[in-house]
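Hi there,

Here is the structure I promised to pass along. Have a look, and my notes follow below.

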Amino acid sequence: MTDFAASGGSTAQCQNQNTGQGSEANVQAAIPSPGQRRETPLPWGKLSSLLAVRLSEPVNFTLILPFVYQMVRDFGVAKSPKDIAFYAGLLFTSFSVCQTLMVMHWGRLSDRIGRRPVIMIGLVGNLVSSVLLGTSKSFKAAILARSFNGLMAGNVVVVKSMVAEISDSTNRPRMMAMIPLMWNLGSVAGSAVGGLFADPANQYPRWFGNSVIFKEYPYLLPCLIGCSVTTFGLIVGLFKLEETLVFKKDVETPATSASSTEPTTPASPASSPAPAPAPATALVSASASSLTLSTENTPLLDSRPQQRGVRELLTPTVIRVMTTNVFVCVSSSMGEQAYPIFAATNTNDGGLGLSTRDIGISLAIASVAVIYLQLHITEFPIAIYVYVKNHRSAAFWNHLELVY
């Protein structure tokens with residue numbers, strides 16, 4: 001009777017898979033197979049520290065966007081209002097070029113000395129560059145500040161490496177998706193701070209009208225607010241952030257460890273017979289098991305990992321992903337950096353003529369819209385992709401043909 005029920009259940013399951021109809025097929029699809037792993041709970045303690053550290057970079061990067069036009073104009077380097085866009089573009093380019101030159105080196109350095117020290121160095125560099133930008137009184141000083149910020153902006157790759165090291169195959173996609181989410185949250189805060197607190201002596205004369213320092217340095221206040229976010233990241237990094245890079249330690253074989261622990265007094269041949277040599281397979285399996293236990297429980301930096309060259313890393317899959325990412329980043333950065341210039345340009349020159357405050361608020365609203373799209377709209381195509389990948393049956397494609 002039991003065999004008949006089992007065979008009948010398997011037959012019904014096969015029929016539902018072939019036809020793609022009935023509620024029983026949906027129930028069977030919802031039940032995970034024995035080989036399927038459930039998603040590991042997210043390590044919120046470690047992940048929250050990484051996200052707090054990651055938040056400082058987008059805040060300090062985007063707070064310049066609302067007032068970059070006004071800053072370049074105050075420097076007096078542009079001969080006409082139409083030249084302001086060119087010099088503002090140089091400010092943006094200096095950061096991107098310097099970051100591109102140094103980001104790989106920061107990743108390699110984190111492989112040698114650890115992730116946590118490199119992240120702390122990057123936060124300190126971000127803090128110093130923000131102060132330098134806020135106290136800049138010439139275009140050359142601003143270029144140097146932005147270039148130094150780009151040289152020290154290597155935390156993005158190190159944070160991704162740490163996320164990969166504290167996750168597994170079941171929860172890694174969800175944790176990786178939080179990194180761009182934090183960038184957009186930082187963009188909301190940075191754009192709002194840059195627009196609301198730039199030139200406070202003129203925007204808020206009642207509160208900052210008598211401030212000598214903010215009259216001398218009109219863009220220092222938003223940079224100081226950005227520095228407070230970086231300081232928060234430094235505090236979290238010092239007290240909460242844990243090192244995730246663990247190097248493998250050389251392990252002694254069981255024969256070596258046994259010889260080191262046993263006494264060296266020779267035994268009489270008559271009293272004890274000579275032990276038979278252990279099979280090679282037993283020694284190999286024992287050493288392999290001890291190696292596994294040691295690598296799982298050894299948090300010491302005793303050896304250096306073998307680094308691969310760039311050519312070995314550039315596999316066809318990596319090249320395709322990088323090419324797609326280049327087009328996405330180019331289109332995103334063009335819109336993100338061209339809009340503040342267009343919005344601040346006078347209407348007589350073809351712009352919108354918006355104030356710094358209005359530009360910051362509009363950029364913040366745009367970042368909120370991007371966050372909404374990431375959290376809600378993108379789930380639908382991802383769900384379709386997962387369903388198609390897991391249920392590639394003829395019934396599904398027939399259903400698509402009927403619908404479309």
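In the protein chain, residues 24 or more positions apart make up 77% of the contacts with a separation of 6 or more, a contact being heavy atoms within 4.5 Å. Please keep in mind that this is a predicted model: local features need pLDDT of at least 70, side-chain atom pairs count only at pLDDT 80 or more, and totals for chains, interfaces and linings use all residues. Residues are numbered from 1 along each chain as its sequence is written, and side-chain values use heavy atoms, with hydrogens and water left out.

The secondary structure comes to 21 helices and zero strands; these are DSSP runs numbered from the N terminus, with helices being H or I of at least four residues and strands E of at least two. The chain has 404 residues, of which 33% count as buried (under 20% relative accessible area; exposed is over 50% and partly exposed lies in between, with a 1.4 Å probe and protein chains only).

Two spots may interest you. Ser-147 sits in helix H8, residues 139-151. Ser-147 counts as buried because its relative accessible area is 15%. Beyond its neighbours within four places in sequence, Ser-147 is in contact with Ser-94 and Cys-98.

The other is Leu-132, in helix H7 (residues 115-134). Leu-132 has 40% relative accessibility, so this residue counts as partly exposed.

Happy browsing!
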